[in-house]
Amino acid sequence: MKLQKELLSKNWSWNELEEIQEIGLVKAVRHAYTNSPFYRQLFNETGLNPGKIEGKANFNQIPFTTKNDLRQAYPYGMTAVPLEKILRIHASSGTTGKPIVAGYTRTDLNWWSEAVARICAMAGVTTKDIAQVSFGYGLFTGGFGLHYGLEKLGATVVPFSSGNTERQLSLMKDFQTSVLVSTPSFALYMAETASNLGYDPLDFQLKIGLFGGEPCSEAMREEIEKKWGLIATVNYGLTEVVGPGVAGECPHKTGMHILEDLYYPEIIDPESGAVLPDGHSGELVLTPLLKEGFPVLRYRTGDITRLIAEKCSCGRNIRRMDYITGRSDDMIIIKGVNVFPSQIEEVLAGFKEVSPHYQLILHKTRGTIKDLEVQVELTPEGFTDRYKALEALERRIKQSLRSTLSLGPRITLMEPGSLERTTGKAKRVVEKEKEDI
Ligand code: ADP
Ligand code: ZN
């Protein structure tokens, strides 16, 4: 079961990676065209000859695949093998439409767990660690994805799943858990709950956090590290591409290394679709090279980031992706200004009186955003009953948002602990429709 040391520490040279990607892309296109009903139709309709795709040089002739394409293919339209070869099915939450269904063959499950094992090893996890998986187990890829990756690496896995915070904490203490796998917001919530229950989080044995599934601002990372006394690393993945195991941080924490021998990343201008050079910010497009059950070519992730090509201090050659500044579908357009929740979060992080817990309320009238309200919690230290002080703080936050984002939303300061906590991904944006009178 143990993954060969060789693979975990393997550092490809640029030339080796280049070759793996060139060959991988040609194979991925051939497999998609030959076996996926969706891609066969796409190539036929666009008159594109898959045999003419020679690798990176003309890869950008292939049209993008979008979330909507995958939804329309529900449930098995993207499947490229007979169903009896599919060993497992995962699916996205499907809150905004039909879920996206991902089927994995035995080969897929193997390379996926190896990919996750490498992400965990990159963050510093070893066979000596006891890792508690606090991602939900089920159709969501997070729980099972991390579970099998950690097992492949040879760590001891505690498959707790999400929720049941008090019991999580008590077992975490008794089992001497050294690695916590969760969303960053749940890690923070667990630390708060631990303190409320009278534990000192620093008395736990946690050393490494493997956090993913949602953005983690630097302020949030610092808070988690301080509270738990661990090294918080973040990793990235998505159901449409495979699940977790696409990119992750090394302990230098300078962006997430993409496993470029398994995925071909591109950054595009979200408006024009043009491919942008390294260093430029845009939408991440991914092509998994080995995917058998459910191949996707040039998948538009909707995630905004940039590729970092400079060598990392850890010595790895593979490029990194910067922390996600937003999901294109999270972008709020209010009174002609485009903002991502992360930009507001960054401004809030500059105020020591407020905590990383916040929520954006979009007040709508007949579908149009009329007003944005930023609800933000005070820290226990920032909490005061002096009205004047609170008013002044509100004003300063509003001014700061106006000068950095040209946006002057309503600020509502909340008591510590009053915003709803989550055991999964935090819901930062809430829409409220004003009733017509
Ligand atoms: P859903 O679309 O239902 O959230 P997934 O669980 O597949 O489905 O989530 C994938 C998405 O989660 C990514 O496209 C990205 O927006 C977000 N995500 C995952 N990891 C990170 C991360 N480390 N930083 C920021 N966002 C992340
Ligand atoms: Zn590194």
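Visitor: Before we look around, what is a polar contact?
Guide: Happy to start there! In this predicted model, the term stands for a pair of N or O atoms within 3.5 Å. Glu 214 gives an example, with a backbone N or O atom beside a nitrogen atom of ligand 1. That pair meets the cut-off of 3.5 Å, as its distance is 3.3 Å.

Visitor: Which residue has a side-chain N or O atom 2.6 Å from an oxygen atom of ligand 1?
Guide: Let's look among the residues that come nearest to ligand 1, which include Arg 327 and Asp 303. Arg 327 has a polar side-chain atom 2.8 Å from an oxygen atom of the ligand. The distance of 2.6 Å belongs to Asp 303.

Visitor: How much of the accessible area of ligand 1 does the protein cover?
Guide: Besides the contact with Asp 303, think of the ligand on its own, with 570 Å² of accessible area. Of that area, the protein covers 91%.

Visitor: Which strand gives the largest share of the shell around ligand 1?
Guide: The shell divides into five nonpolar, five polar and five charged residues. Four residues of the shell come from one strand, spanning residues 231-238. That is strand 7.

Methods:
Residues are numbered from 1 along each chain as its sequence is written. Chains are lettered from A and ligands numbered from 1 in the order in which they are written. This is a predicted model: local features need pLDDT of at least 70, side-chain atom pairs count only at pLDDT 80 or more; totals for chains, interfaces and linings use all residues. Side-chain values use heavy atoms; hydrogens and water are left out. A residue is near a molecule or strand if one of its heavy atoms lies within 4 Å of it. A polar contact is a pair of N or O atoms within 3.5 Å; within protein, one must be able to donate a hydrogen and the other to accept it, and residues adjacent in sequence count only if both atoms are side-chain atoms. Accessible areas come from the Shrake-Rupley method with a 1.4 Å probe; for residues, only the protein chains shown count as cover. Helices (H or I, at least four residues) and strands (E, at least two) are DSSP runs, numbered from the N terminus. Ala, Val, Leu, Ile, Met, Phe, Trp, Tyr, Cys and Pro count as nonpolar, Asp, Glu, Lys and Arg as charged, and the others, Gly among them, as polar.
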